Amino acid sequence: MPTNAIALSRLLIAERPSLVRWMARIVGSEPAAEDVAQSLYIRVQTVRDHPPIVNKRSFLFRLALNLAVDHLRSARRHDARFADNVNTSHVASAEPNAEVRLLDQEKVRRIAAIVETMPLRCRQVFVLIKLDELSVAETATRLGISQDMVRKHIRHALQICHRTLAGDQSA
């Protein structure tokens, strides 16, 4: 191994903590600075003896700066390349598929049919709470009944829905 490479390797080992901190400020993170330090070690191994290096510390920091700048440029090219052309065709959609939508629409139709068969007051309470999203107190005020009666009617409406839907599934 050339003597410059040996001397720079020893200097790199001695200066590594300060080099990593310095490069972290340049590249923005310590893990990226560690990557650059690894690249620096490999680069130092290829330094030849001719011409002789007068100030090895300055040479080492200059190599580190060049590698850190190269790392930044590479990261920017990578971000620019992949940020604009994100192909999402292989990513599953959060939207339900057509089959699930059809099943949900069928379930809504069945519930609407069940609501039509409910007693009038029970149906009114169900619609106000489940569709209009009123609170129990607001529903009681609007219908002129107590909150306990609203709770009783909504409980009865939900029982009718569950019983009818369970009967549909078992049939």
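The paragraphs below take the helix pairs, the nonpolar cores and the backbone in turn.

This is a predicted model, in which local features need pLDDT of at least 70 and side-chain atom pairs count only at pLDDT 80 or more, while totals for chains, interfaces and linings use all residues. Residues are numbered from 1 along each chain as its sequence is written, and side-chain values use heavy atoms, with hydrogens and water left out.

Begin with helix α1 (residues 3-27) and helix α2 (residues 30-45), which pack at an angle of about 155° with their axes 8 Å apart. Helices here are DSSP runs (H or I, at least four residues), numbered from the N terminus. Axes are lines fitted to C-alpha atoms over the stretch in contact, and angles run from 0 to 180 degrees between N-to-C directions. The two helices α1 and α2 are therefore roughly antiparallel to each other; angles over 145 degrees count as roughly antiparallel, under 35 as roughly parallel, 65 to 115 as roughly perpendicular and the rest as oblique. The crossing of α1 past α2 is right-handed, a term for a near helix turned clockwise from the far one by less than a right angle.

On the α1 side, the residues that meet α2 include L8, L12, L19 and M23, and on the α2 side they include V36, L40, Y41 and V44. Contact means heavy atoms within 4.5 Å. By class, the contact of α1 with α2 has 15 nonpolar, three polar and three charged residues. Ala, Val, Leu, Ile, Met, Phe, Trp, Tyr, Cys and Pro count as nonpolar, Asp, Glu, Lys and Arg as charged, and the others, Gly among them, as polar.

In soluble globular proteins, nonpolar side chains tend to be buried together. Here the largest nonpolar core has 22 residues, and L19, M23, L40 and L60 have the most contacts inside it. Such a core is a set of buried Ala, Val, Leu, Ile, Met, Phe, Trp, Tyr and Cys residues joined through side-chain atoms within 4.5 Å. Helices α1, α2 and α3 (56-84) each supply at least two residues of this core, and α1 gives the most, with eight residues. Leaving aside neighbours within four places in sequence, L19 is in contact with L12, L40, L60, F61 and A64.

A second, separate core of 17 residues includes V115, V125, I129 and L165. V115 is found in helix α4 (residues 98-117). At 9% relative accessibility, V115 counts as buried; buried means under 20% relative accessible area, exposed over 50% and partly exposed in between, with a 1.4 Å probe and protein chains only. Beyond its neighbours within four places in sequence, V115 is in contact with R123, F126 and V127.

Next come α5 (120-131) and α6 (136-143). They pack at an angle of about 135°, with their axes 10 Å apart, and are therefore oblique to each other. The crossing of α5 and α6 is right-handed. Residues making the contact include V125, L128 and I129 of α5 and V136 and L143 of α6. The contact of α5 with α6 divides into five nonpolar, two polar and two charged residues.

Two loops hold the backbone sites. In the loop between α2 and α3 lies P51, and the peptide bond from H50 to P51 is cis, with omega near 0°. In the loop between α5 and α6 is E133, which has a positive phi of about 55° although it is not a glycine. E133 counts as exposed, at 67% relative accessibility.
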